[in-house]
Amino acid sequence: MCGIVAYIGHQQAYPVLIKGLQRLEYRGYDSAGVALLTPQTDILVYKQKGKVRDLQEAVKNQPTKSFIGIGHTRWATHGEPNDVNAHPHTSGNGELVIIHNGIIENYQPLRTALIREGHSFESETDTEILIHLIEEIQNKEAVSIAEAVRLALSRVVGAYAIVVLDKKEPNTVVAARKGSPLVLGIGKNELFLASDASPIIEYTKNVVYINDEEIVILHPNGEFAIKSIDNEEQTPFIQYLDMEIDSIEKGGFPHYMLKEIHQQPTTIADAMRGRLNVQQGIITLGGVVEYENRFKNATRLTIIACGTSWIAGLIGEYLFEDLARIPTEVEYASEFRYRNPIINNQDVIIAISQSGETADTLAALELSKEKDALTYGICNVVGSSIARATHAGSYIHAGPEIGVASTKAFTGQVTLLTLMALQLANKRGTISNTYYFQLLRELEQIPEKIKQVLAAEAKIKQIAELWKDCPNALYLGRGYNYPVALEGALKLKEISYIHAEGYPAAEMKHGPIALIDENMPVVIIATNDSTRDKVISNIQEVKARKGKILAIIKENDHDIAALADHFIEIPDTAEPLSPLLSVVPLQLLAYHIAVFRGCNIDQPRNLAKSVTVE
Ligand code: G6P
């Protein structure tokens, strides 16, 4: 949801900003812009509707010489995507520029007050109000730009990560955050700011994650200071980032999404690394150990999340209830936070988030903390807001996920939930030793089995070609594979723009069956023995209405293979682990259908990777 980047140092700022924006494009991509402070202390602003490459094209023959600059890639919240609404935004006197990620909620009253003071606005954005507010403070008081920003922010309600330049103070860059991420990179005599570390790690691995309500003031030669919005000096906590540049490149794949699908054997192994000891029958998730009694004695678990992470949470519900016998609720964070939920100090709340920045999940988490619940985070992005705000947690260690449609983060989250459920089941004595050891052995084999599923890609691509023009699709699953049906439908919707619905297979009779005819493709996940006969009945019901069936089946299930129009076999595994395998063909199916339809795979329309607004 918008990416921001800034540079101050000895290199030419423009190429650093452009490269950074390309890395951040997954966060928003309806327009992009830069502001450059030239050695003659002019501010050059270039902004453009479209992608970063459209901006580059527009700037090709323009002057860009500067050692200080800011850049932005936008995902529209206020105002349609066009050149005027693109960031950076400039103050009325043309001396100040700003980039902003987030939402200024009280922008209407601020706007009215500023109009009364004689300000007029070019764009429809909330951000332009903020830069005029800073200008207005400077008009009234002789304060530095850092102080003017601080005073302005004390009047703002909402979420922001901002960076501001002032022509009058050409050796200063001021940035601040509340609710939207901001990372400071400390290089040799140069400093970087960005929404995440991806634009920075090429230059330095020393970073400071700026905290909420902190202001950071940068100067040339690598000097910087951090203060709170209450004007208290802060001591920066410098972290070394263990991340390689390869991890954010495509590595020979045509799209990040395909790379990330193929990374899953490795990323799932990484999620288990150091945590699973099959020989000794030990699972060690540090955060769970730390709060062992709270978890062991929990009367219920509540999972809060959005999007794909919410679907991973649903699988968590099946795992926690089936294996650890702990009642579990899964909530959309956006609903949970506003429905006055009943939470108390006995509750354990698990927040799942790839980015660790989703605004609704973060707010639901804060609410849970206010009510004294124990909070546990399952995040991918190290140092992210949710990871830092929870009492304890586990990273999934999937590495940067850049494709907007989540794939490897989903299987990483499900792996983590499986480990948690097994650890708790063992501690609570809710499953037999034999079954526990069997699940551990099976879990260890999942990465190898995913490789076998990936080997079916050519066949999946053929089915994708046949189905690429369908207007609708239905995904059905039961038990552990019901959430997989939801995830398969979500993937297809997100990247191919085909309307798709996921349903519990038995519920088909209560509505979706009315839609089935010879034009309706139906994906049925039929890998599990416990519901096999019932799923076969569902297949018959679809066939009777001439629907086209792709069945995801267990190896050598000849009976179902004979009934279906198409089938993909996946290796046998224990039922609670089956989602980790059955979701992979659905990811590939969505991917190849979207490629055949000529869709933008990594940056689907209207979607953002990290949703830092409500
Ligand atoms: C957006 C993304 C989804 C993601 C969801 C939740 O909608 O496009 O892929 O599942 O946000 O994000 P989170 O980072 O909290 O997992």
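Analyst: In sorting a lining by class, Ala, Val, Leu, Ile, Met, Phe, Trp, Tyr, Cys and Pro count as nonpolar, Asp, Glu, Lys and Arg as charged, and the others, Gly among them, as polar. The model discussed here is predicted, so local features need pLDDT of at least 70 and side-chain atom pairs pLDDT 80 or more, while totals for chains, interfaces and linings use all residues. Residues are numbered from 1 along each chain as its sequence is written, and side-chain values use heavy atoms, without hydrogens and water.

User: How many cavities of 30 Å³ or more does the structure hold?

Analyst: On a 1 Å grid over the protein atoms alone, a cavity is a set of points where a 1.4 Å probe fits but cannot get out; lining residues have an atom within 4 Å of a point. Volume is the space filled by probe spheres on the points, which are joined across faces, edges and corners. Two cavities here reach 30 Å³ or more.

User: Which residues line the largest cavity?

Analyst: Its lining includes Cys2, Trp75, His87, His100 and Asp126. By class it has three nonpolar, seven polar and two charged residues. At least two lining residues come from each of β6 (96-104) and α4 (126-140); helices (H or I, at least four residues) and strands (E, at least two) are DSSP runs numbered from the N terminus.

User: What lines the second largest cavity?

Analyst: Among its lining residues are Arg478, Asn481, Ile525, Arg532 and Ile560. β25 (521-526) and α18 (532-544) give two or more residues each. The classes are four nonpolar, four polar and two charged.

User: What is the volume of the largest pocket, and which residues are closest to its centre?

Analyst: A pocket is an open set with protein on both sides within 12 Å along at least five of seven lines. The largest pocket has a volume of about 860 Å³. Of its 41 lining residues, Met243, Asn380, Val382, Gly399 and Pro400 are closest to the centre. α7 (264-272) is one of the contributing elements and gives the most, three residues. The lining holds 14 nonpolar, 15 polar and twelve charged residues.

User: Which element gives the largest share of the lining of the second largest pocket?

Analyst: The largest share, six residues, comes from α17. This pocket holds about 680 Å³ and has 33 lining residues, with Cys306, Gly307, Thr308, Glu494 and Val611 nearest its centre. Its lining divides into 15 nonpolar, twelve polar and six charged residues.
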